[in-house]
Amino acid sequence: MSITAETQRPGLTPELARLNREIEGYAREYGLDFYETFFEILDFQEMNMVAAYGGFPNRYPHWKFGMEYERLSKGYAYGLHKIYEMVINNDPCYAYLLEDNHLVDQKIVMAHVYGHCDFFKNNIWFSKTNRKMMDTMANHATKVRKYIDKYGLDEVETFIDVCLSVDDLIDHHSVFIERRAKHKEPADAETPLVRKIAASDYMDDFINPKEFLDHQKHKLEVERLKRRRFPEDPQKDVLLFLLESAPLENWQRDVLWMVREEAYYFAPQAQTKIMNEGWATYWHAKIMTDRALNDAEVIDFADHHSGTVAAHPGQINPYRLGFELWKDIEDRWNRGKFGKDYEECDNYASKRGWDLGLGLGREKIFETRRVHNDITFIDAFFTEEFCHEKKFFTYQFNPERGVYEIADRNWKSVKQKLLFGLTNFGQPFIYVTDGNFENRGELLLEHRHEGIDLRVDYAKDTLRNLFTIWSRPVHLKTLVEGKGKLFTFDGEKHIERKVDG
């Protein structure tokens, strides 16, 4: 099956095309700004297929996409979930509608999509992403198929497996920050000085011959290079280090580069999941309730919207959290519930009824949409009042009763847990610290223990896959129960030994 924007674009029915123009007009009237957006209608099988490819039906062939398609299809068949919409950060944007949705659902989805498209275009964390990713994905697929024809499906697919297993070892902020110092070493470091034997001018050429000085200078240079760190500073973008330093064949380096490029494309979506989904939900609710909804659609809209923002036991619903925060920000800045006077007011009744009539809410949410990601969004706007009013809490599993129970209602604890789960996407911080470990050409990684433990089984699998790329033993230094430990895979077996923490 092959779905492309060109073949599906004419499939929008006249009624849906009219609604699309209407809702796009409402979105622009509210100030939303987005690239041209094309909607395509898919049946549930096509929708599951596109979703399995991450929204890009022209991606390279790989078994993981087939597995994801089976998971989505089974979930749809058993009524566990249903995909209502997908939208792609591209210029132009592409969005998919499920053909058997009710008309009110299609209107909600269109309004929701325009919220996403506005966020993609204007949020700073998307400013460095590839806006022609649809074409890039197609180019990647063409290259991978060429390599499969040349080297065989098993070899290429196995290497893609290895690359995908480490595709999160990137530096998500590196597109905004220059990590590597561009300064040169001092001149005396570039040209080692050879100590001469003291001699009179007329005897200097005999006591310190040029051949001897050149030989000594070469020895000093070799020693200097041995002492020099490789890399000079710990490097968080492990994939970039491997691309530059691992002994890969050209096709392998190309595949690893493609996997890294796609990882950086998807990174901002993970960094702004709560904001983005909340923003789209806020705007579909605003457009539908204020402009696009007719009387006969009220019940269906309420049912769909309430399902979107419902609390999910055991996990955070990004639609709900983001939606409630955007509404709260708008309300606070409309009423002037911010600043020194408000913060220092200790009268609960006064704060609850506080209203200076500033009307700055709409301006504030657009400003916030532009500059924040999920971490700074939660840090800046998840307040004590918001936490208590929306009844957020932390929970933990009670092994005696076999159920999850409320552990803490303190807003600072709730906020801390939210931020902790969002920092580095809740994954361990891994850095390359030495590409010539113990002067044997082996690779040393270090886990910076900032509250996130390593799963030893995951770590061992990762070391095995990194060995495939590095072709020499790979080591990982970490802390286990507060004590330093070095995990090693030498190509045949895993080794563990204690080291200084």
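Which residues of the largest nonpolar core touch the most other members? I kept in mind that this is a predicted model, and I found that the core holds 63 residues, with Y96, L242, V255, L443, L445 and I469 touching the most other members. I then looked up where its members come from, and helix α12, which spans residues 250-271, gives the largest share with eight residues.

I next took L242 by itself and listed its contacts, leaving out residues up to four places away in sequence: L242 touches L248, R253, L256, L443, L466, I469 and W470. I also noted a second, separate core of 59 residues, and L12, L19, Y282 and F386 are among its members.

I found an open sheet of three strands in the order β1-β3-β2, with mixed pairing. The edge strands, each pairing on one side only, are β1 (37-42) and β2 (85-88). On average, and with direction ignored, neighbouring strands of this sheet are turned by 20° against each other.

I then followed one of the pairings in detail: β1 runs in the parallel sense with strand β3 (residues 93-98), and six bridges join the two. When I looked up L42, I found that its bridge partner in β3 is L98.

Last, I asked which helix packs on the sheet. Helix α5 (residues 103-122) does so, touching β1, β2 and β3, and its direction makes about 25° with that of β2.

Methods: Residues are numbered from 1 along each chain as its sequence is written. This is a predicted model: local features need pLDDT of at least 70, side-chain atom pairs count only at pLDDT 80 or more; totals for chains, interfaces and linings use all residues. Side-chain values use heavy atoms; hydrogens and water are left out. A nonpolar core is a set of buried Ala, Val, Leu, Ile, Met, Phe, Trp, Tyr and Cys residues joined through side-chain atoms within 4.5 Å. Buried means under 20% relative accessible area, exposed over 50%, partly exposed in between (1.4 Å probe, protein chains only). Helices (H or I, at least four residues) and strands (E, at least two) are DSSP runs, numbered from the N terminus. Contact means heavy atoms within 4.5 Å. Two strands pair if DSSP finds at least two bridges between them. Axes are lines fitted to C-alpha atoms, for helices over the stretch in contact, and angles run from 0 to 180 degrees between N-to-C directions.
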